[in-house]
Amino acid sequence: MSAVIEPGHAGHDEHPHGPAPGLMRWVLTTNHKDIGSLYLWFSFTAFLLGGSMAMVIRAELFQPGLQIVQPEFFNQMTTMHGLIMVFGAVMPAFVGLANWMIPLMIGAPDMALPRMNNFSFWLLPAAFGLLVSTLFMAGGGPNFGWTFYAPLSTTYAPESVTFFIFAVHLMGISSIMGAINVIATVLNLRAPGMTLMKMPLFVWTWLITAFLLIAVMPVLAGVVTMMLMDIHFGTSFFSAAGGGDPVLFQHVFWFFGHPEVYIMILPAFGAVSSIIPTFSRKPLFGYTSMVYATGAIAFLSFIVWAHHMFTVGIPLTGELFFMYATMLIAVPTGVKVFNWVSTMWRGSLTFEAPMLFAVAFVILFTIGGFSGLMLAIAPADFQYHDTYFVVAHFHYVLVPGAIFGIFASAYYWLPKWTGHLYDETLARWHFWLSFVGMNLAFFPMHFVGLAGMPRRIPDYNLQFADFNMVSSLGAFLFGATQLLFLYIVIKCIRGGEAAPAKPWDGADGLEWSVPSPAPYHTFSTPPEVK
Amino acid sequence: MDDGLPTARLVRRLLLVVAAMFAFGFALVPLYEVMCQAFGINGKTAGAYTGEQQMDAARTVRVQFLASNAAGMNWEFRPLQDELVVHPGASHQMLFVAHNPSDRPMTGQAVPSVAPARAAAWFHKTECFCFTQQVLQPGERIEMPVRFIVDRDLPADVRHLTLGYTLFDITGRQGPQAQAVR
């Protein structure tokens, strides 16, 4: 936590502007660096919690039959694992990176709305406290899957579902405020000369992500509000008995849900677009096309939602439309992958930990993209739907996609945050163990999925036994490896070789023009951008 | 660098977007209803039909009837006949039997669905027990009619339709839900 404590203020001490002493610094802070650190620590805590739940799931699936947990608890584990990883780990991690880096990258002194920034962070512990507490309530926590389809989440839900609904409301409000803050900062606080098309891609992808957030988080709030009314106020939005329709739930949910998956990946695209040029010692290939491709992905994400629901009985024309629209996303995504590869082409490559994670990101995210294309084929999806193939697909885009993107960013900017170089040897161990563990865990899921193993079931047919054991071993390896990451980060905060202002010789950008560690206040006078 | 007013105005506009999108989530409910009925998708049939049609004696269509209970419903519920062979354009009636075997008065609501779903737009009900709630006293047994016309314009490749009803127990539910059901 000492990441941002400034070593003294010789020179101009006319007013105090270091961090406040003591614990209240973290409660009351409006400093973007403090809040960024809070978000990142919160996210890592949620990552370990959601990860332990994954360990329970994989332990139960280690062998066929029921050994460790009861099916009721298993359902709560799959549900909470999904909710905590999506809303507690990945999204807050990106908000943390945005808080830390966006003002540094555009030459702003802080976020545009610092007090709201503090509030949007402190809503999160409340939201997740509420959510996790449901596990200890009579009847158990949410057990209906992270997608909480009605009527499982309404008519057949445990009593605690109301707490789940309010938790979603709170995290939604937090995300919306965070997004408004990012938009206001990027549009209003750029340094003179920093035109939109000069912004680093991380800022661009976050700006577009923020617009996605304010467009779809209110729809999520709407759908849980409808659930609340169905459960407590006698309405029938999703109840066929009263004239509603459970399929409507899926439409509204996925109208939120599909843009949500891009919310979780676009900032990673941006970070990787900074990291690959640095370690290739070449400028990014096709900057403008990167910006437009991000915009195109964001637009398309609004018109593909029903590809999650091919099997509910939508008409043939609908299936065709959503199939083709989904496949169209491969075009801007392909542009991005092409640009990353072209950036590396004939570059002077070195493979420090951020680059290792970034290169693995490009390769493995592309594998996840290809399995996504397979799932987009409507007639084939009838075979894949709700099998482990789907689980393999979205873990390939989220783990080596979003999470490797976060690790790459963390290693890339740790010297700037802490003022110390991290332990490169350990970081490479972290990478290779994560890489092997993650592929061992998720690759066999493609095979068992294609062979018909259904997801969200605590038991399986004997024929899937070997692959599941491999998956579990890989998952345990991946899970344990993340404790190494915690150790590396703590070690880096506590000491290590002093980092220069620009620890990466190929790096480019305003964030490297301030000393390491970044002083508590930066760019109080805006830099001049040429 | 902070130029005050533009930030405040920007935030107000963004909050407006948030409010509009929250409203849009709810607007999806009637929108979905309208789309389903306009295109006859999802097996949803329209409300009471008032038109009249000429019988097409040259063509026959098999209409099968299904009755099932939703979870928790204990009524006996079945059609008098399993199927009818009808001419498009002609009006037909089928009776469904409902019997409340319990020792308390109960309210039931039937929800119709047509398969194949794409044929739903051509299946018209002129009268249906599903338009209202059914209140049955303990042990009471009633016969409930549905009158229907299969449209002359039913696509030629559809020779076989299924009209299914699911009966829900709505005893004790408040609110005038019945109007919403078609």
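Into which domains is chain A divided? Before the answer, some housekeeping. This is a predicted model, where local features need pLDDT of at least 70, side-chain atom pairs count only at pLDDT 80 or more, and totals for chains, interfaces and linings use all residues. Residues are numbered from 1 along each chain as its sequence is written, and chains are lettered from A and ligands numbered from 1 in the order in which they are written.

Now the answer. Chain A has domain 1, residues 33–264, and domain 2, which is made of 271–283 + 298–517. Those bounds come from an automatic or database domain assignment. Between the C-alpha centres of domain 1 and domain 2 of chain A there are 19 Å.

The two domains of chain A touch: 39 residues of domain 1 are in contact with 37 residues of domain 2. Contact here is a matter of C-beta atoms, placed from the backbone, lying within 7 Å. On the domain 1 side, the elements giving two or more residues are helix 2 (32–60), helix 3 (71–106), helix 6 (201–232) and helix 7 (246–263) of chain A. Sorted by class, the domain 1 side has 28 nonpolar, nine polar and two charged residues. For the classes, Ala, Val, Leu, Ile, Met, Phe, Trp, Tyr, Cys and Pro are nonpolar, Asp, Glu, Lys and Arg are charged, and the others, Gly among them, are polar.

There is a UniProt record to mention. An unreviewed entry places "domain: Cytochrome oxidase subunit I profile" at residues 26–530 of chain A. UniProt positions are given in the numbering used here, feature names are shortened, and annotations may be inferred rather than shown by experiment. In the model, residues 26–530 of chain A are 68% helix and 0% strand, and the end C-alpha atoms of the span are 36 Å apart.

Next, two helix pairs in chain A. Helix 6 packs with helix 8 (residues 266–280) of chain A at about 170°, and the axes are 7 Å apart. The axes are lines fitted to C-alpha atoms, for helices over the stretch in contact, and angles run from 0 to 180 degrees between N-to-C directions. Helix 6 of chain A is therefore roughly antiparallel to helix 8 of chain A. The cut-offs are under 35 degrees for roughly parallel, over 145 for roughly antiparallel and 65 to 115 for roughly perpendicular, with the rest called oblique. Among the contact residues are A:W204 and A:W206 from helix 6 of chain A, and A:P267 and A:F269 from helix 8 of chain A. This contact divides into nine nonpolar, five polar and no charged residues.

The second pair is helix 12 (residues 353–376) and helix 15 (residues 424–450) of chain A, with an angle of about 10° and axes 10 Å apart. So helix 12 of chain A runs roughly parallel to helix 15 of chain A. The contact includes A:F357 and A:S371 of helix 12 of chain A, and A:R428 and A:H446 of helix 15 of chain A. By class, that is seven nonpolar, two polar and two charged residues.

How many residues of chain A are in contact with chain B? There are 33, against 35 residues of chain B. Helix 5 (161–188), helix 6 and helix 7 of chain A each supply at least two residues of the chain A side, and helix 6 of chain A gives the largest share, seven residues. The chain A side has 25 nonpolar, eight polar and no charged residues.

On to chain B. Its assigned domains are domain 1 (1–39) and domain 2 (43–180), with C-alpha centres 39 Å apart.

One open sheet of chain B has four strands in the order 2-4-8-6, with antiparallel pairing. Two strands pair if DSSP finds at least two bridges between them. Strand 2 (76–79) and strand 6 (123–128) of chain B are the edges, each pairing on one side only. Strand 4 (residues 91–99) and strand 8 (residues 141–150) of chain B pair over nine bridges, and B:F96 sits opposite B:M144 of strand 8.

Another open sheet of chain B has five strands in the order 3-1-9-5-7, with mixed pairing. Its edges are strand 3 (83–86) and strand 7 (134–136) of chain B.
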